[in-house]
Structure formats: C-alpha cells, structure tokens
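Me: I would like to go through this structure piece by piece. Could we begin with a hairpin?

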Amino acid sequence: MCDDPMNRPYLKNETCLPREGLGIGRGEKTALSSDEWEVTFNSVPDMISIHDRDFRIVKANKAFLDAFGMEAEWLIGKKCYEIIHGTDEPWLNCPHRQTLISKNPTVEEFFEPRLQKYLLVSVSPIRDHENEVIGSVHTAYDITERKRAEMALLASNRFLVLANSQIAMKPLLKEFIAELKKLTGCKGIGIRILDEAGNIPYEDYDGFSREFFELESPLSIHNDHCMCINVVTGTVDPQLPFFTKGGSFYMNGTTRFLANVPEETKGATRNACNQHGYESVALIPIRGGDRVLGLIHVADRAENKVPLELIEIIEGAAIQLGTAIQRVAIEEALERKTYDLGKRVKELNCLYAFSDLLERPGVSLSDVCQGLVDLIPQGLQYPGIACARLVLEGDVFDTPGFRETIWRQESPVLVHGQYEGSLEACYLEERPECDEGPFYNEELDLLKALSGRLGKTIERKRADESQRQSEDRYRSLFEDSSIALWEEDFSEIKIYFDLLKWAGVQDFRRYFEENPQEVVRYAGMVKILDVNHESLVLFGVHRKEEISANLPYYFLEESWVVFHEELIALAEGHIRFDREVPIRNMAGERMSVALRLSVVPGHEETLSRVLVSFIDITERKRAEEERERINDVLEQRVAERTIELVTANEQLAREIAERRQAAEKLKESDLALRISQRDLRKLTGKLLSAEEEERRRVARELHDDFTQRLAVLAIDAGILEQELAMKCEEVVPRVEGLKEQLVKLSADLHHLSRQLHPSIIDDLGLAKAIESECIHFSQQEGIDVQLVIRDVPEPVAKEIAVPLYRVVQEALRNVAKHAQAKTVHVFLLGEGDSLHVSVEDDGVGFEGKPIQRGKAGLGLVSMKERVRFIRGKFLIDTRPGKGTLVSVDAPLTARRV
C-alpha cells in the first residue's frame, strides 16, 4: 500500500494516487506531485494525462496541452471524450473504459482527427491504498509515420493488383476510382486522359456534379489556363509549397489560399474547384514512361483532406495506373487492328487487282477505266447488289445494269489537282446504316484510293507524252547550241562504282591514288552517244565519227588529272562537275576549255545520260596570265616598301608590348585581391554555419542528456528528503540545500542550452523565438522591452531565421553589457519579399561607427558577417548620450554569398 503517489510514481505499469486526489467537482483540491515531479512530468515529450473513474481529466502534461492547444485551467475537470473526441459518451473501444472494467493495463491504437495523427495509447490503472482502481494514466505515442508507411504499402499492393487484373479501359478506371475513394475518403475523384488533340476530358469520375463535369471536362492544354493544364504539361515548380517533387499539385484550403493571391494572378486561372466549394484539391499526374498520360483529380469540400503523405501514396498509384493504361490501350488497339484487318481483305484485293491492270503492257486508258468500274463491286460488302460508274472528260464507263440510287457514294478524279471526272458506287437495294449510309468508312477510303490511283495514272500517261515532246525539243536545242555539247554514257562505270562500294571501298580518292591504272581503264568505258555541230568546230573536224576516233589525241597529259577528279566526284554521288582542262584540236593548237559535266535528271541512279559542255576560254586564260605577270611586278615593289615599314613599326610594337605587360600585371594583382576577398567571405560563411551547428549540437547534448540526468537527481533528492524527514530531521536542511542547487543547476543548464541553440525557432518560428528572447531578457536584466511584430510570414526559412535571431540576441546582450538603457524597442516587420529587424535602446551610445573603422568587437563583427552571409543590409547608428540603433534588412529567400 502507498499513502502518496510520489512514494511509488510508477510500479509495474500501475500508479497509486489517493482517492481524495481525484475529487474533481466536489470542491476537493488535487495535490498530485512536488515541484520536481512537475518538472519531470512536463519534460516528457509524449502526451500524458490522468483521468478519474468519471472520465474527467485530472492532469495533463505540457506535451498534451500543446498538442490540443489548450490551457490546463480550462481543461481540468472536463470529460475526456467530450474534449478529445468531441462525442457525448465514451467510444466503444475506449481504453480508459476497458481499464476500469478489467482493472488491467490497456493498449489501443487509433486515428485522432483533431490532431490528424495515429496514436498508440497505453493506459495504466491508478489504485488507492485499498488497491481499488480510481482512475488511469494515459500515455499517447505518435505512430503516424509507421501507420502511413503501412497504408502506403497496402495501397500500393491493392493498386498493383488492379493495374494487372483489368483488360478493358472502363473497368480499369472505375476500379481505380473506387479504390482511391476508399484510400482518401474524399467525395470527388476523376481521371483525365490526354488525347492526341491536346484535350484532357474526364474518362471516368465519381462524386462530381453533372454541372461541374460538363464545365471541366472540355479542358484543352492549348486554350485553357488552370492548374490541371500545368500538371499535365509539367509546368510546375517543385520549390513552391503546393507542388511536390513528383509534379503533383495539392491544396488543403483553396479559399484561404486564394485570399492571399493578387487579383491579376487570380484572374489568370479558372479557379473552378474553389467556385464549386472544394477546399481540398489534389492533381496527380499519370505517367507512362517519360510522358504524362493524364491526371487524377481528388477533391473534397472539407479542409485538410489531402496531406502530402497521401499525395505521395497516390503518386505511386498513378505510375501503376499509367502503366496499366498503356497496356490496356495497346491490347485494345491490337484487337481493333485485328478486326479491321479482317475487313480490309476485300479492299486490298480490289486495289491489288487494279494495280495488276495498270501493269499490263500496252493497256490503254479506256481499258483501265472500264476495268476499274468492273472491280469496284467486288470490293464492297454487298457485291451482289452493287454497281459502279466512271465519268471522265465526257466519257462514261459503267457496270452492266448500273442505276443511280439514293444509296450512293462518289469520289472525284483529280489530275494535277484539277477536277476531271468522278467515280461512283451505288447499292441497288436498301441495307443497314453504317458509317455513312450503308457504306463503311473503309469503303469510302477504297473509292478515294481508286480514284486517286486513276488520277495519278492519267498524270503519268500525260507526262510520258510530254516527255516524248520534250525529247524532240531537247534534240533541237542540243544540235543548234552555240556551245560544244557531248552526250555520254557512264552506266558501265556506275556498275563498277557500286561493286567497289559493296566490297567496302569508301574513300575513292585514296582508291584511285593507289590504283592509277584504273583511271585509264575507266576512261575506255565512257561511251559518246552524240556530239553537236559546235563540237566539230571546236575540235577542227568535219564529221561526228572523227570525235570518237581521235579522242586520245585531244586530251593532253594534264587532262588526265581532271578526268581523275571527275571520276571521284561521280563515285561520291555528285551530279555536277566543273573544271578547266587543257586540250588540243586536230591542227595541234593548245587550247583551254571550261568543262562542265551534268547528269540528266532521271538518270542519277544509272548515269546512262550525262551532258558534257566545252567552252573555249583560251583568250581569257592568256589575259589572266598577263595580268598575273604584272601583279608579280607590283607585289615585288610592295614587298620592298613593306620591309621599310616593318622596321619602323617594330620599335613601336616593342613599346606597346612593354606597356601592355605592365597593364596585365596590374590587372592580375587586382584579380588576385578580389579572389582572396571572395575566399575570405566564403570561409566566414562556413565558420558561421559551423558555429551554429556546434551550438545546436551542444544545446542538444545539454537538453537531451544533462538536463534529464539533473531532473532524475532532483526527483531522487526529493524522495530522499521525504525519507530523511521521517528518520533524520537534522539532515533535512542539507538535503534541501542540495536539492535547491540541483534545481538551480538544471535551470542554468536549460538557460545555457537555450542560448546556444533556441529550439523554439525550429518548433514555433522566428517571431515566437524573438518574442521569447525579449521576454527572457526583460525578466533577467530588468530592462523594459517594447516588441512590435507585424506582417511576418511563417515559416521563415531556417537559414534566414537563425542569423536574424542571433542579431537580436547579440544586440540585446550588448545593451545589457554597455548601454545602461531603461527601454529597448525591438521591431520585426515583414516588408514584401524581405524582413526588417531593428533593436534600439535609450542608453549612453558611443562615439563614431567602429564597425566601419575596423575597430568593432567580436559581437558587432559577428552580426555584420551573419547579415552579409544572407545578402542582407546591416546598419549601426549611435551617438554619445543618444542611444544605439542596430538595423537589418534581409531577403526572405536565402541567397548566400
């Protein structure tokens, strides 16, 4: 038995408390612990609360009160199920009820909506000195991360099964939507799929109103502007708080969010979800490989329904859905192709038969037209009642018994884009409706293909006729040209080129250099098909036969070099070649001619027709040689004068070089100085970061180790004090002194830990941290602090918050040491995309601005370096007797030096 709960705080999961200690509501005062026990009770990071048999809360530690945002004075005496769960009576699996019934410890795991956390609650009975259960101690552990990991794994398995079990698109999407509704608990779920035209309609949905569906389904990535478009097109910024690294968008309070958005920005998007009352909205991209196939739309009218952890689970499901969509789409497309292929056999047979007709030698255009209309009925689905007709330039070709009916399709015959007739197909009897009347789209395509082939055939026949006429004109121009023209056949050489390529020859220049005899052999393969009259004049002969007979005589030794280059150009695929070449005529006179080789169009693959022209440029070459001789004389004179100028300029160049070297050395010295300054700034930043990290580590050691150990010693000292009070009263004062020293040492260590690293910045943000520092300073130093905090966004980035906090802390420390001030004014103001922090005292001040003269103490230097490190502006304004102002303006976004 125990008479006081402090005699046995915890023994075998049970706690002894006096029955009168649970008399809330009967005017009886609760006295549960000493001051030391109270410190320990509130130091535990888990939520602890004590309840009596009537479900009233007797006591709760700081972690419990902070979690529910309540004050102890208001909470004590309230029914736990009313306060915690918001119900009129205990819930069915209430662990407190189970402990009262079983009189044994109870453990229960559940989700607490108010905290949005999963908790593991351990309930231990509290017994009085008669061993009766008069209440219980509740300890709640946060197991949210573990539960969410379990949920993610289960959801992933469920979605994986769904993705691999469906073989049709509609059932697949419906199954996914149903599973997503179970997972999220949200009212509206929709799946959008991106089509080839850039539209993202809802392929399936559940929970959206018809009005919302009809408004939102027609969205297009080309014409509309909303968050759905951003997610599908990938135009998201993961640095913004409402986007994830996976490219998803989520918002748990659209009205609150839009209230802070400028009107011009708000007007640029549709905001349809908010207009229809949806506060929680998430848009998760459905990915298939590197492409976004669509998105999952999750919406609910309540706030905080789509936390980041849930979005990450759905992102995994979306990847599985994207894979399943691609698989199902491929399977459905394959099934459609197989069905369509079966229906296309007749159309293909008709096309093949028409191609055979066109390939028959000597077939006339009239035979082609009549054969075409005879083939058409066999390509239609009802050949027994089908007929066809072709009207072409006034001529009519039709099948026997042709009759025009209302069940008719027509395709124009176009020749070079111009209408010249029409091809018609008719059914003589009514048949069931298909894509267009009784005709399938494929039958219409067949009619268009046949009319198109006919138009191309007419174009080809007319082109053949035009080519024959063109040949006649070409022969006339060839013969009457004022330029010497040869028509040659290189087809035999082309065959050898192809054989060499097949054998692996790629560098023909190297090949002919290594095999010079081949150049002479290839020259013998060239066939001269014809030469014109001007060629006879140029070479001084009377008959065309003399050109071929005396060919080796016309070309000199230097001419072989040109023929060598000509062969290389043709082997490499060139169809034109220009070069000057020396020749001689039958009279033995040396001449210079401009040779131009051109492959006749249509003969590029065979080189069977090559046109070669020769233009006499002998007189021009002689004039050029004379001009070159005169130029040589002039160049000699210029060279002599240049030597004189060079000598005069060398001295000037030396002087310029010496001055340039001096300037370069000056520039290098300046650059080295700048590099040193930059390196010094970087080193300073790293030292500040290292200092802050070491402060954090030491503070954590002090808080997590030493303060806990001192708390235990304080409790042990309290217990020892009570035991000694009964046995040895003279020792009590010494023990009390020991206990007071332990408590004071614990407080000092707590203060030192707080000075080293204020954990309040991590927990509550910059504003609360500065407010706490000012309160602590005022209490400790007895100096009045007037604090103004306005328009400060939260959270402020840690790399900005910590330097600003340190500036305020160091400024207040300087006030305490040197200022002899009575009042300090501290300002923390949000100004657009920056923060303003200032500390101003009414103390003695000092002379000048030492931080600008390089005479500042370590405190002022530290403040300046911290501000400079985040690209802020630092200012000290002081005069003797006028106080001191420390001012900082810093950007909200960290941009370190």
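Me: Which residue takes a positive phi in the hairpin of β4 and β5?
Reply: In this predicted model, Gln116 has a positive phi near 55 degrees, and the hairpin of β4 and β5 has 4 residues between the strands.

Me: How many bridges join β4 to β5?
Reply: Strand β4 (residues 106-112) runs antiparallel to β5 and is joined to it by 7 bridges. Among the paired residues, Glu109 has Leu120 in β5 as its bridge partner.

Me: And what joins β5 to β6?
Reply: These strands are also antiparallel, with 9 bridges between β5 and β6 (residues 133-142). Val121 is bridged to Ala140 in β6. The two strands form a hairpin with 5 residues between them, and Asn131 in the turn has a positive phi of about 65 degrees.

Me: Why is β5 largely enclosed by the rest of the structure?
Reply: Because 9 of the 11 residues of β5 (residues 117-127) are buried.

Me: Moving on, in what order do the strands of the open sheet with β16 lie?
Reply: The order is β17-β16-β20-β19-β18, 5 strands with antiparallel pairing. At the edges are β17 (527-531) and β18 (576-584), each pairing on one side only. The twist averages 30 degrees from one strand to the next.

Me: How many bridges are there between β18 and β19?
Reply: There are 9, in the antiparallel sense, with β19 spanning residues 590-599. Arg584 has Arg590 in β19 as its bridge partner.

Me: Which strands does helix α16 lie across?
Reply: Helix α16 (residues 441-480) lies across β16, β17 and β20, at about 130 degrees to β16. Helix α23 (residues 559-571) lies across β18 and β19, at about 165 degrees to β18.

Note on methods. Residues are numbered from 1 along each chain as its sequence is written. This is a predicted model: local features need pLDDT of at least 70, side-chain atom pairs count only at pLDDT 80 or more; totals for chains, interfaces and linings use all residues. Side-chain values use heavy atoms; hydrogens and water are left out. Two strands pair if DSSP finds at least two bridges between them. Axes are lines fitted to C-alpha atoms, for helices over the stretch in contact, and angles run from 0 to 180 degrees between N-to-C directions. Contact means heavy atoms within 4.5 Å. Buried means under 20% relative accessible area, exposed over 50%, partly exposed in between (1.4 Å probe, protein chains only).
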